[in-house]
Amino acid sequence: AAMVEDEKFLNIKKQAKEIREMYKAKQRGFNALVLGESGSGKSVLATTGRRPIHFDVFDPGGADNLTKGIEEGWIIPDTRWEADDPMNPTVFRDWQVVMNKRFKEGYFDHLGSYVLDSSTTWADTIMNQILKAAGIPGETPRFTHDYGPQKIKIVNWIKRLLGIPCDFILTGHLDTYQDEVSGKVTYRFMTTGKGTVTIPLQFSEIWVTDTKRRSSGMDYQVLTARTGAHLARTRIGKGVFDTFEKPDIKYLLKKAGRPFEDKPLI
């Protein structure tokens, strides 16, 4: 009987070991939704990630803060997505073709970080394509017809990007929300409809970039936990990160005991 018990226990141990190994194998890179007002240092924070860092730039002029990294060769800036003509949109269609090629060729295996900057302008290119396909380019989106397909495309692509073998950073803008009863103001992720809730849920990290004016100049910091009006959270830094941290991704990864080393430049 003891032998049977021992064998059962060994099988249980084997199963537990396999589950642990599956969990480790499934653990991809770190991912974060980085939110903030314009000029609060979102893209600058993204440049502190593991190198090389690929930026898909959808914000017009979004590469202006990246000059140093571009010149030194550790930032790869793809700026062809900056301008989409709402009357004849092509950006999202072209981006999807390029992304599928990158997946097929294993491009993300060679990156330290992939940054999509920003979700707001990226989502606009999706809507532009939806309206063009509906025969109403440049018109106001119809609530019941157009926002649903846009949200599905956004969520599907984000889920796909959360599986890439490098770190994934999505930047986004903040929307002000005032409760009609209490008058309390909160800030949340600026996107379409219920996407304000479903999209942040996909991410392990939601950080908010913040600035404080000091006599010595602007002090940039990153909020990693909910305080008052701001939605922020950390899973990797639970019990380790301070509420306000210095805006340095590799420093925070190291602090959380996560891999923080760069990959060879490509």
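**Entry 1: α4 and α6**

I looked up how α4 and α6 pass each other. Their axes come within 13 Å and cross at roughly 20°. I took axes as lines fitted to C-alpha atoms, for helices over the stretch in contact, with angles running from 0 to 180 degrees between N-to-C directions. Helices here are DSSP runs of H or I with at least four residues, strands are E runs of at least two, and both are numbered from the N terminus. α4 and α6 are therefore roughly parallel to each other. The angle classes are: under 35 degrees roughly parallel, over 145 roughly antiparallel, 65 to 115 roughly perpendicular, and the rest oblique.

I noted the hand as well: α4 passes α6 in a left-handed crossing. Left-handed means that the near helix is turned anticlockwise from the far one by less than a right angle; right-handed means clockwise.

Then I listed the contact, meaning heavy atoms within 4.5 Å. From α4 I wrote down F92, W95, Q96, M99, N100 and F103, which meet K153, W157, R160 and L161 of α6. By class this contact has 6 nonpolar, 2 polar and 2 charged residues. Ala, Val, Leu, Ile, Met, Phe, Trp, Tyr, Cys and Pro count as nonpolar, Asp, Glu, Lys and Arg as charged, and the others, Gly among them, as polar.

**Entry 2: what I am looking at**

This is a predicted model, where local features need pLDDT of at least 70, side-chain atom pairs count only at pLDDT 80 or more, and totals for chains, interfaces and linings use all residues. Residues are numbered from 1 along each chain as its sequence is written, and side-chain values use heavy atoms, with hydrogens and water left out.

I noted 8 helices and 10 strands in the protein. Of its 266 residues, 41% count as buried. Buried means under 20% relative accessible area, exposed over 50%, and partly exposed in between, with a 1.4 Å probe and protein chains only. I also checked the contacts with a separation of 6 or more: residues 24 or more positions apart account for 65% of them.

**Entry 3: α4 by itself**

α4 covers residues 91-105. Its 15 residues reach 21 Å from first C-alpha to last, close to the 21 Å expected at 1.5 Å a residue. The expected span is 1.5 Å times one less than the number of residues.

Which residues of α4 are buried? I found V91, F92, W95, Q96, V98, M99 and R102. What covers them includes the strands β2 (53-57), β3 (75-78) and β4 (113-117), along with α5 and α6. After α4 comes G106, with a positive phi near 75°.

**Entry 4: α5 by itself**

α5 has 15 residues, which should span 21 Å at 1.5 Å a residue; its end C-alpha atoms are 21 Å apart, so the two agree. I then checked burial. 11 of the 15 residues are buried, so α5 is largely enclosed by the rest of the structure. Among them are S119, T120, W122, I126 and L131. Just after α5, G135 takes a positive phi of about 80°.

**Entry 5: α4 against α5**

I found these two axes 8 Å apart, at an angle of about 110°. That makes α4 roughly perpendicular to α5. V91, F92, R93, W95 and Q96 in α4 meet W122, T125, I126 and Q129 in α5. I sorted this contact into 5 nonpolar, 3 polar and 1 charged residues.

**Entry 6: α5 against α6**

α5 is residues 119-133 and α6 is residues 143-161. Their axes come within 10 Å and cross at roughly 130°. That makes α5 oblique to α6. The crossing of α5 past α6 is right-handed.

The α5 side of the contact includes W122, I126 and I130, and the α6 side includes Y147, I154 and W157. The residues of this contact divide into 11 nonpolar, 1 polar and 3 charged.

**Entry 7: two peptide bonds**

Most residues other than glycine have a negative phi, and most peptide bonds are trans. I found a cis bond from R51 to P52, with omega near -5°. P52 sits in the loop between α2 (42-46) and β2. Another cis bond joins D117 and S118, with omega about 5°. S118 lies in the loop between β4 and α5.

**Entry 8: M218**

Where is M218 placed? I found M218 in strand β9, residues 217-223. M218 is partly exposed, with a relative accessible area of 37%. M218 and S40 are 178 residues apart in sequence, yet 9.7 Å apart in space, C-alpha to C-alpha.
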